[in-house]
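Hi everyone. Let's walk through one structure together. Please have the sequence and the 3D view open.

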Amino acid sequence: MTNETRNAGRHFLQIPGPTPVPDRIHRAMAQPILDHRGPEFQRLALRVLANVKSIFKTRNPVIIFPSSGTGAWEAAMVNTLSPGDHVLMVETGQFATLWKNMAVKLGLVPEFLPTDWRSGVDAAQVEARLAEDKAHKIKAVCIVHNETATGCRSDIKAVRDAMDAVNHPALLMVDTISSLAVMDLRHDEWGIDVTISGSQKGLMLPPGLAFTAVSDKALAASKTAKLARAYFHWDDMLANNANGFFPYTPATGLLYGLDVAIDMLNEEGLDNVFARHERLAEATRRAVSAWGLEILCANPKDYSPAVTAVLMPDGHNADQFRKAVLERFDMSLGMGLGKVAGKVFRIGHLGDTNELTIVGALAGVEMGLTLAGVPHRAGGVTAAMAYLTDKTPAESARAA
Ligand code: PLP
């Protein structure tokens with residue numbers, strides 16, 4: 001028994017992941033625990049390991065670890081690199097910074113190209129640095145596809161083209177933790193060597209699964225890489241996965257959920273999933289500009305379909321505003337991370353989200369701005385509704 005009052009209805013979880021889990025996935029996960037060395041698990045694992053490839057758009061193996069997404073960062077590096085290797089990374093925001101910090105801890109030498117945290121990766125800057133690296137000291141280029149901290153996405157195809165333009169042999173590693181099943185991602189076609197992801201965002205699952213999709217080149221690199229690896233060793237995983245098993249106890253419940261999540265994404269159609277995210281993101285941005293507030297991402301071509309980070313007017317603290325929204329309307333908004341802590345709040349519009357969810361969330365933001373005394377104009381929700389009623393989803397997908 002607690003003295004807290006009950007909040008009626010569902011909590012509005014509008015952070016950029018973990019995202020709400022659909023009932024169908026909850027039901028799929030609510031199964032009796034099964035023997036992870038038995039035939040029923042083997043059938044499930046073989047099916048999931050085969051089907052998940054379509055989400056990454058790859059024919060190569062997708063390795064699934066019981067881990068948060070951070071484990072996939074580590075798996076990508078320890079399986080392919082050696083102590084002292086240089087890696088080229090771009091400071092798109094807090095997640096790129098954390099990944100860079102991990103590289104240092106692992107004994108790698110990151111070269112960190114700066115940005116102002118208001119745009120995605122500048123492929124020309126990557127190309128210029130690689131062109132100088134005539135000795136090919138740089139062994140990997142590591143990019144965060146969607147920087148969840150800033151709401152800026154990066155053009156991965158442009159980075160691949162930049163690497164090819166200077167014939168640089170580095171591996172391309174891409175963090176798609178908040179972009180997979182949200183925006184287009186083509187592991188094979190874009191020549192990505194390690195695609196890194198997690199379960200708790202576009203895949204609509206609880207946290208707890210980490211993914212690395214691997215190219216043949218990454219697998220070849222793993223044969224000579226010298227960083228210490230144990231839990232995240234690809235060889236052990238691949239050998240066991242070939243028969244539908246894992247080298248240790250897998251997250252069986254989450255794999256039941258993943259099986260259904262893949263079905264749900266395919267039933268909607270990945271292109272429709274991407275178009276839905278673009279549409280909800282655009283509705284959100286229209287609300288923000290009608291409020292007269294500024295979007296952190298300064299470059300419209302980099303606007304994220306997953307999350308919109310909104311700058312607070314000077315003298316106003318984003319966390320006080322978020323607290324007011326949580327206490328009054330039972331809605332969680334994303335906090336500002338790292339350099340932008342207290343300065344931005346983030347509206348997540350990814351995962352199992354629809355038009356009415358986003359309109360409800362924007363209404364909570366608009367009322368919260370008033371309650372917290374944040375200067376703004378009324379009419380953001382009206383602008384979002386006008387956008388969503390003006391065109392059907394199919395019409396806005398065609399117009400995009
Ligand atoms: N990379 C990105 C882009 C993320 O958004 C996150 C988490 O939000 C991470 C990495 C870290 O993943 P995890 O918290 O699952 O370890």
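Start at the second largest cavity, lined by L13, Q14, I15, T19, P20, G348, H349, L350 and T353. This is a predicted model: local features need pLDDT of at least 70, side-chain atom pairs count only at pLDDT 80 or more, and totals for chains, interfaces and linings use all residues. Residues are numbered from 1 along each chain as its sequence is written, and side-chain values use heavy atoms, with hydrogens and water left out.

What is a cavity here? On a 1 Å grid over the protein atoms alone, it is a set of points where a 1.4 Å probe fits but cannot get out; a pocket is an open set with protein on both sides within 12 Å along at least five of seven lines; lining residues have an atom within 4 Å of a point. Points are joined across faces, edges and corners, and a volume is the space filled by probe spheres set on them.

Back to our cavity. The second largest cavity has a volume of about 30 Å³. Its lining holds four nonpolar, five polar and no charged residues. Nonpolar means Ala, Val, Leu, Ile, Met, Phe, Trp, Tyr, Cys and Pro; charged means Asp, Glu, Lys and Arg; the others, Gly among them, are polar.

How many cavities of 30 Å³ or more are there? Two. Residues lining the largest cavity include T150, R285, C297 and Y303. Strand β12 (residues 307-311) gives the largest share of that lining, three residues. Helices (H or I, at least four residues) and strands (E, at least two) are DSSP runs, numbered from the N terminus.

Follow β12 into its sheet. This open sheet has five strands, in the order β1-β13-β14-β12-β11, with mixed pairing. Strands pair if DSSP finds at least two bridges between them. At the edges are β1 (12-14) and β11 (294-295), each pairing on one side only. β11 and β12 are antiparallel, over two bridges. There, E294 has L311 in β12 as its bridge partner.

Now the helices on this sheet. Helix α10 (residues 270-291) lies across β11, β12 and β14 (344-348), at about 10° to β12. Helix α12 (residues 355-371) touches β1, β13 and β14, and its direction makes about 90° with that of β1. Contact means heavy atoms within 4.5 Å. Axes are lines fitted to C-alpha atoms, for helices over the stretch in contact, and angles run from 0 to 180 degrees between N-to-C directions.

Next, the other sheet. Seven strands form an open sheet in the order β2-β10-β9-β8-β5-β3-β4, with mixed pairing. β2 (62-66) and β4 (109-113) are at the edges with a single partner strand each, so one side of each has no neighbour in the sheet. β3 (residues 86-90) and β5 (residues 138-144) run parallel over four bridges. H86 has I138 in β5 as its bridge partner.

Last, the second largest pocket. Its volume is about 340 Å³. Of its 23 lining residues, G17, F95, T148, Q200 and K201 lie nearest its centre. Why does this pocket lie between domain 1 (23-266) and domain 2 (269-399)? Because both domains give residues to its lining. Those bounds come from an automatic or database domain assignment.
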